[in-house]
Amino acid sequence: MERTNIQTNFENSKKKSSKKIDEKKPLLDTLAQLATTYVKPSPDVQKLNKLEQLPTNTRQTLARRAKAKYFTQSYTKQLAMLNSPLKKSYNNTYFGCSNVLFQEGKKITSNYCNNRWCVVCNRIRTAKLILGYKDELKKLPDLYFCTLTIPNVPANMLKKTIENMLKTFGIIIKTLNKRKKRAGDKNKLKGLRKIECTFNDVAITFHPHIHFLIEGYQNAVDFKNEWLKHYPDALPFLQNIKKADGEGTFIELFKYYTKIITNNVMYIEALDVIFRAMRGKRVYQPFGLKKCISEDIDAINAQITDLEEAEKIWMWEENDWVDYTGERLTNYVPDETMNELVNKNIKHIDIKIQQ
Ligand SMILES: [Zn+2]
């Protein structure tokens, strides 16, 4: 069953929001077009455009961060109210992840929570992982994108099941490498695996699955067959192998960590079950590669912006960072899709697991 994911929703709302911005200034656009067609803008207008363009770049980047922050706040607030062992960490995201931006001149510094449920941190993490693994993976000429699944499990069994899947994955690598060696093939398996989990809101079960990139079609097939030996209940047709298509596949693999949204709804208790089960586990694990990129991002990060120089503290308030005079940093305003999501589509369900 296909599940909606955070990225898709984000992309959708991004499309909508950018469309909205365009709709707001058709007059200006038309005027600009008319101006280029019929009249060359005066030097003053050109100068004005230049001056306006500079700050909008940083502000646009920060507006995307504001959107990620606004979205993350909506469900971490709810997660922090649960009686969960992750309560402290949820609070750390809600109160501590880029809540305050320190501006010194053109430099902006902020703190990050580094948690997996945080979209602000995941955007940075995704960029870091793509950058870190891209060249190494591009060296592998015959790459396949595979998915391994098992039947869904109830909340209580999720943690153990994920542990078992990851262990099994490691065992299969060893088995196949040994088999290759015996056959005189010195090349070890090369690739990268990722663990993911989605929630089925009809059956109230969890669906942990592994995506991985592996070099060589036969290796992918052998891997799948071994998996089915370890998990005889897994349905063969759900174990998928497809040719990787370079950049697109990397983005597919790295673009999101956790699916926050299931069928357009955020099920708070289900998310907590997934985050608890995933706690302390590596989401990404390379095998046979020289590189292993840390999934952690820097707790403190400084960026040089093109903002007007100032010494300021920007505090997060509702949906933007605001200075002491009330000036807003990004002018981010949640669009309808976002509002509906955070105001209507957060749901609580009755799932209980032992602490
Ligand atoms: Zn964060």
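## Helix H5

Helix H5 covers residues 119-138, 20 residues in total, and spans 27 Å from its first C-alpha to its last, close to the expected 28 Å at 1.5 Å a residue (1.5 Å times one less than the number of residues). Helices (H or I, at least four residues) and strands (E, at least two) are DSSP runs numbered from the N terminus. The model is predicted: local features need pLDDT of at least 70, side-chain atom pairs count only at pLDDT 80 or more, and totals for chains, interfaces and linings use all residues. Residues are numbered from 1 along each chain as its sequence is written.

H5 has a kink of about 30° centred on glycine 132, the bend being the angle between axes fitted to the seven residues ending at a residue and the seven starting there. Its buried residues are Val119, Val120, Cys121, Asn122, Arg125, Leu129, Tyr133 and Leu137 (buried: 20 or more other C-beta atoms within 10 Å of the residue's own, with C-beta atoms placed from the backbone).

## Helices H6 and H9

The axes of H6 (residues 155-182) and H9 (residues 268-278) come within 9 Å and cross at roughly 25°. The two helices are therefore roughly parallel to each other (angles under 35 degrees).

Ala155, Leu158, Lys159 and Ile162 of H6 meet Val273, Arg276, Ala277 and Met278 of H9 (contact: C-beta atoms, placed from the backbone, within 7 Å).

## The whole chain

The chain contains ten helices and twelve strands. Of its 355 residues, 33% count as buried. Among contacts with a separation of 6 or more, 75% join residues 24 or more positions apart.

Methods
A residue is buried if 20 or more other C-beta atoms lie within 10 Å of its own, exposed if 12 or fewer, and partly exposed in between; C-beta atoms are placed from the backbone. Axes are lines fitted to C-alpha atoms, for helices over the stretch in contact, and angles run from 0 to 180 degrees between N-to-C directions. Angles under 35 degrees count as roughly parallel, over 145 as roughly antiparallel, 65 to 115 as roughly perpendicular and the rest as oblique. Two residues are in contact if their C-beta atoms, placed from the backbone, lie within 7 Å.
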